[in-house]
Amino acid sequence: MLIIQANRALWAVSSLAFAFGVSAQTVTTPLEPGLWQVNTRPEMVGGQMMALPRNTRVCLTEDDIKEGRIAVISMPACQVQAGGAWVDNALTLKLACRGLPENAQYRGTLEAQGKTFHGRVEVVLAPDKEGVERGHIVYHQIGNWAAAECPAPKTQGASQSPQ
């Protein structure tokens, strides 16, 4: 009986959505599009790392968010690619890294809540012949929404007006 009532309720909502032109598949993004301030703090696991936290500004479009292309890592060898998988407010980042040893491991996650997010990207370099890990770096990110509009990109080589 409960299943029949639930199916009727779902049908009623779907019918209303269709009547008003709203897709039943409409998905809201877990983050606000716009300009984001991202603080990245690297940590060397099991050792000392003298790198300072880095603050960057990132412009995220609605498509970037839907595709999971959230540029949170400040590591030149790794880039966040489109194709990350969202499950509710958690994103598994799709990373592409170049110049790392063949058996290096890297993974990233991000948890979003509208105008803030917390992320973590781990890069583990393969163990050497003695089984000792050559490096394990964790990049911790905190993102805060700054503005709905992103600044226009600066043009290179802009001509100066004559005097």
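**Disulfides, core and charged pairs**

A: Cys-78 is buried, at 1% relative accessibility. The model is a predicted one.

Q: Which cysteine forms a disulfide with Cys-78?
A: Cys-97 does, and the two sulfur atoms are 2.0 Å apart. The pair links distant parts of the chain, with Cys-78 in strand β3 (residues 78–87) and Cys-97 in strand β4 (residues 90–97), 19 residues apart.

Q: And Cys-97, buried or exposed?
A: Buried, because its relative accessibility is 18% and the cut-off for buried is under 20%.

Q: What is the handedness of the Cys-78 and Cys-97 disulfide?
A: Right-handed, because the torsion about the S-S bond is about 110 degrees.

Q: How many disulfides are there in total?
A: The count is 2 disulfides. Cys-59 and Cys-150 form a disulfide too, with their sulfur atoms 1.9 Å apart. That pair also links distant parts of the chain: Cys-59 is in strand β2 (residues 54–60), while Cys-150 is in the segment after β7 (133–147), and they are 91 residues apart.

Q: Which hand does the Cys-59 and Cys-150 link have?
A: The link is right-handed, with 95 degrees about the S-S bond.

Q: Where do Cys-59 and Cys-150 stand on accessibility?
A: Cys-59 is partly exposed at 39% relative accessibility. Cys-150 is partly exposed as well, at 27%.

Q: What is the pairing in sequence order?
A: It is 1-4, 2-3, when the bonded cysteines of the protein chain are numbered in sequence order.

Q: New topic, the core. How many residues does the largest nonpolar core have?
A: It has 24 residues. Leu-31, Ile-70, Leu-110 and Phe-117 have the most contacts inside this core.

Q: Which strands supply it?
A: At least two residues of this core come from each of β1 (34–44), β2, β3, β4, β5 (105–113), β6 (116–127) and β7. The strand that gives the most is β4, with 4 residues.

Q: What does Phe-117 touch?
A: Leaving out residues up to four places away in sequence, Phe-117 touches Leu-31, Trp-36, Val-38, Ile-70, Val-72, Leu-110, Glu-111, Ala-112, Gln-141, Ile-142 and Gly-143. Leu-31, Ile-70 and Leu-110 on that list are also among the residues with the most contacts inside the core.

Q: Next, His-140. Where is it?
A: His-140 is in strand β7. It counts as buried, with a relative accessibility of 18%.

Q: Which side chain has a polar contact with that of His-140?
A: The side chain of Glu-43, at 2.6 Å.

Q: What else is His-140 in contact with?
A: Setting aside neighbours within four places in sequence, the contacts of His-140 are Asn-39, Thr-40, Arg-41, Glu-43, Gly-119 and Arg-120.

Q: Arg-120 has a charged side chain to pair. Which residue forms a salt bridge with Arg-120?
A: Glu-122 does, and the closest N and O atoms are 3.5 Å apart. Glu-122 is buried, with a relative accessible area of 12%, whereas Arg-120 is partly exposed at 36%.

Q: Why would such side chains pair?
A: Side chains of opposite charge can pair when their charged atoms come close.

Q: How many salt bridges does the structure hold?
A: It holds 5 salt bridges. One of them joins the side chains of Lys-66 and Glu-62, at 3.3 Å from N to O.

Q: Where do Lys-66 and Glu-62 lie in relation to each other?
A: They are separated by about one helical turn, because they are 4 residues apart in helix α2 (residues 62–67). Lys-66 is partly exposed, with a relative accessible area of 47%, and Glu-62 is partly exposed at 41%.

Q: Which residues are linked in a network of salt bridges?
A: Asp-64, Glu-67 and Arg-69 are linked in one. Within it, Arg-69 forms a salt bridge with Asp-64, the closest N and O atoms being 2.5 Å apart.

Q: And Asp-64, buried or exposed?
A: Asp-64 is buried, at 12% relative accessibility.

Key: Residues numbered from 1 in each chain as written. Predicted model: local features only at pLDDT ≥ 70, side-chain atom pairs only at ≥ 80, totals over all residues. Heavy atoms only, no water. Disulfide = S-S within 2.5 Å. Buried < 20%, exposed > 50% of the residue type's maximum accessible area, 1.4 Å probe, protein only. Core = buried A, V, L, I, M, F, W, Y, C linked by side-chain atoms within 4.5 Å. Contact = heavy atoms within 4.5 Å. Polar contact = N/O pair within 3.5 Å; in protein donor to acceptor, adjacent residues only side chain to side chain. Salt bridge = Lys/Arg side-chain N within 4 Å of Asp/Glu carboxyl O.
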